[in-house]
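The sequence and structure come first.

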Amino acid sequence: MSSLHLYNTLSRKLELFQPITEGHVGIYICGPTVYGPPHLGHVRGPIVFDVLRRYLIHNGYNVRFVRNITDVGHLVGDFDGGEDKLLKQAKVEKLEPMEVAQTYTNAYNAVMDKMNIIKPSIEPRATGHIIEQIEMIQAIMDAGLAYTINGSVYFDVIAYNTNNNYGVLSGRILEDLQSGHDAISSGPNFVPSQGRALESQNEKRNPSDFALWKKASPEHLMQWNSSWGKGFPGWHIECSAMSAKYLGAYFDIHGGGLDLLFPHHEAEIAQGIVAHKHTPAKYWIHHNMITIAGQKMAKSLGNGVLAEQLFNGSHALLDQPYSPMTLRFFVLQAHYRGTLDFSNNALLAAQKAWQRMQSAINLIDNLKVVDGKGSMEVDDIVLGIRESMNDDLNTPQVIAHLFELCRRINLVNDGKDQISLRVKTLVQQLRDDVCFGFLGLILDDKSNSDGLNDAMQILLDLRKNAKKENNWVLGDQIRDALKEKGFEIKDTPEGTVWKL
RNA sequence: GGUCGGAUGGCCGAGCGGCUAGGCACGGGUCUGCAAAACCCUUUACAGCGGUUCGAAUCCGCUUCCGACCUCCA
């Protein structure tokens with residue numbers, strides 16, 4: 001494919017990417033609800049869309065990338081009678097709701113930085129856009145597609161569905177949904193979780209309706225004035241209001257996890273069509289979930305692995321810590337639309353693979369070139385990488401091509417193949433544009449501290465002397481002891497090199 | 001119960017009508033004081049049963065398992 005194609009959930013097809021305005025791309029990503037520390041599931045989306053963003057920039061586009069922070073409105077438990085997630089956590093931790101939001105926003109962004117994810121162009125918060133949300137709710141009211149009950153406002157899905165299709169994105173049929181509501185609450189598989197607020201459920205005209213504005217009880221810590229009384233915005237409206245504010249009523253790409261497809265994104269489309277008279281986005285991109293033992297990783301299932309636990313190796317499933325770049329590499333080794341199963345073995349394999357790639361990368365600049373034409377070429381790799389990226393961001397294939405490149409680099413390094421200056425320059429370009437470029441990988445750099453370097457040199461000199469005197473026992477002792485601490489020693493014709 | 005996806009070698013994961021990725025692990029070799037690294041070689045998998053086709057892991061049907069969504073989730 002000579003140009004970028006993306007799988008659009010809206011059409012369920014691979015589509016040629018063509019921006020609405022030539023040369024510019026607007027992207028909106030549903031960010032986290034900040035009520036807990038970031039886990040592995042929170043990391044996949046940002047990586048996937050970071051690669052998309054970098055690739056678009058690589059292709060010369062001007063990209064505005066908006067990723068929100070949801071710090072109000074998201075309800076805990078089932079149905080709209082649940083408690084606000086932020087509020088609940090605030091009570092648990094005896095903190096201001098804003099303090100909770102700030103704490104976990106910081107934690108989230110710290111992980112983003114470690115993963116080498118470019119910061120959003122704009123990072124709007126739901127609480128900072130209450131007015132915009134109220135205005136949008138009013139517009140929906142004015143259009144006659146929302147109704148007020150007891151100080152709350154609900155979107156009238158049934159009425160909307162008469163002239164529109166509530167289900168364009170998720171492929172759902174409203175009638176099925178209706179019967180689904182019955183079946184789910186009476187069927188054999190229905191398991192009621194926490195307390196279901198029946199009053200709130202009943203005040204909606206229809207189970208499919210969703211809240212635009214919720215009335216706040218007096219003790220509710222987060223509430224704002226509105227013409228419907230004191231309350232707080234519903235979950236879906238914040239993304240609609242903020243995306244429209246910063247990207248316009250119609251923008252290029254809306255992304256998020258597959259689990260947000262319904263009802264969140266479906267609701268966003270309905271809200272956008274009613275309030276802004278336009279479907280919000282041209283391309284809807286959804287990444288799949290990270291699973292653990294075949295099941296979705298989710299906070300509610302209690303099988304989550306925190307990012308921090310991965311980085312320090314403290315989780316029971318892990319034998320050791322893994323670096324942020326190992327995680328990034330691990331994520332990119334799978335296609336974004338498939339599930340990715342997490343395990344210590346899978347992480348270990350990714351770590352070794354990434355180390356192998358780094359070793360080859362480190363050889364590039366010192367590769368000896370031959371005059372004229374060398375036998376090593378990379379044109380097929382350059383082409384292959386472009387084709388793979390253009391085919392719905394097939395990063396696993398890109399990485400496979402990169403490993404073929406590593407093989408050739410090693411061959412040249414071993415003197416078994418020859419490279420010309422021209423091709424060497426191309427290889428350096430590939431490293432900078434692909435690996436460090438749109439894949440966003442950076443070398444794990446643990447061996448650069450000066451003091452460490454000096455100390456290592458002393459040990460290596462000792463070992464060299466021991467070897468000179470044929471004292472292999474001492475020499476191996478030094479090497480093995482270092483190895484035990486994670487230092488890898490390599491004897492090469494040019495001298496001994498080490499890495500951590 | 002409804003809707004939508006999956007089942008690929010020891011493991012992770014691409015491919016989606018013929019040329020049958022890649023990584024990790026395993027085995028053999030070159031190199032080396034021994035290692036490590038690197039390189040080379042070896043190992044033909046696509047849930048089961050039918051069907052379409054000159055040809056199917058790839059298309060169609062049935063069966064069996066698994067998952068996601070339908071209720072908060074990245």
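## Confidence of the model

Chain A, which is a predicted model, averages a pLDDT of 86, and 90% of its residues score at least 70. Among the elements of the chain, strand E4 (residues 62-67) has the highest mean pLDDT, 98, whereas helix H7 (residues 198-203) has the lowest, 54.

Two stretches call for care in reading. Over residues 76-81 the pLDDT stays under 50, and the model has 22 contacts for them beyond four places in sequence. The pLDDT is also below 50 over residues 182-200, a stretch with 16 contacts in the model beyond near neighbours in sequence.

## Nonpolar cores

The largest nonpolar core holds 77 residues, of which Ile-253, Phe-342 and Met-357 touch the most other members. At least three residues of this core come from each of domain 1 (5-287) and domain 2 (295-438). A second, separate core comprises 44 residues, including Tyr-28, Val-153, Leu-247 and Phe-251.

When its neighbours within four places in sequence are left aside, Met-357 is in contact with Phe-329, Ile-399, Leu-402, Phe-403, Cys-406 and Cys-435.

## Helix H14

Helix H14 (residues 395-413) has 19 residues, which at 1.5 Å a residue should span 27 Å; the C-alpha atoms at its ends are 26 Å apart, in agreement with that expectation. Its buried residues are Thr-395, Val-398, Ile-399, Leu-402, Phe-403, Leu-405, Cys-406, Arg-408, Ile-409 and Val-412. An α-helix has 3.6 residues a turn, so residues three or four places apart point the same way.

The cover over the buried residues of H14 includes helices H1 (41-58), H11 (324-332), H12 (344-363), H13 (379-390) and H15 (421-438), together with strand E15 (419-420). After H14 comes Gly-415, with a positive phi near 75°.

## The E5-E6 hairpin

Strands E5 (residues 146-149) and E6 (residues 152-155) run antiparallel and are joined by four bridges, with Tyr-147 standing opposite Tyr-154 in E6. The two strands form a hairpin with two residues between them, and Asn-150 in the turn has a positive phi of about 50°.

Lys-230 lies in the loop between strand E7 (210-215) and strand E8 (231-233). Because its relative accessibility is 48%, Lys-230 counts as partly exposed, the cut-off for exposed being over 50%.

Although Lys-230 and Lys-215 are 15 residues apart along the chain, their C-alpha atoms are separated by 6.1 Å. Not counting residues up to four places away in sequence, Lys-230 touches Trp-213, Lys-214, Lys-215, Ala-216, Gln-223, Trp-224 and Asn-225.

Terms used
Residues numbered from 1 in each chain as written. Chains lettered and ligands numbered in written order. Predicted model: local features only at pLDDT ≥ 70, side-chain atom pairs only at ≥ 80, totals over all residues. Heavy atoms only, no water. Core = buried A, V, L, I, M, F, W, Y, C linked by side-chain atoms within 4.5 Å. Buried < 20%, exposed > 50% of the residue type's maximum accessible area, 1.4 Å probe, protein only. Domains from an automatic or database assignment. Contact = heavy atoms within 4.5 Å. Pairing = 2+ DSSP bridges. pLDDT = per-residue confidence, 0-100. Expected span 1.5 Å × (residues − 1).
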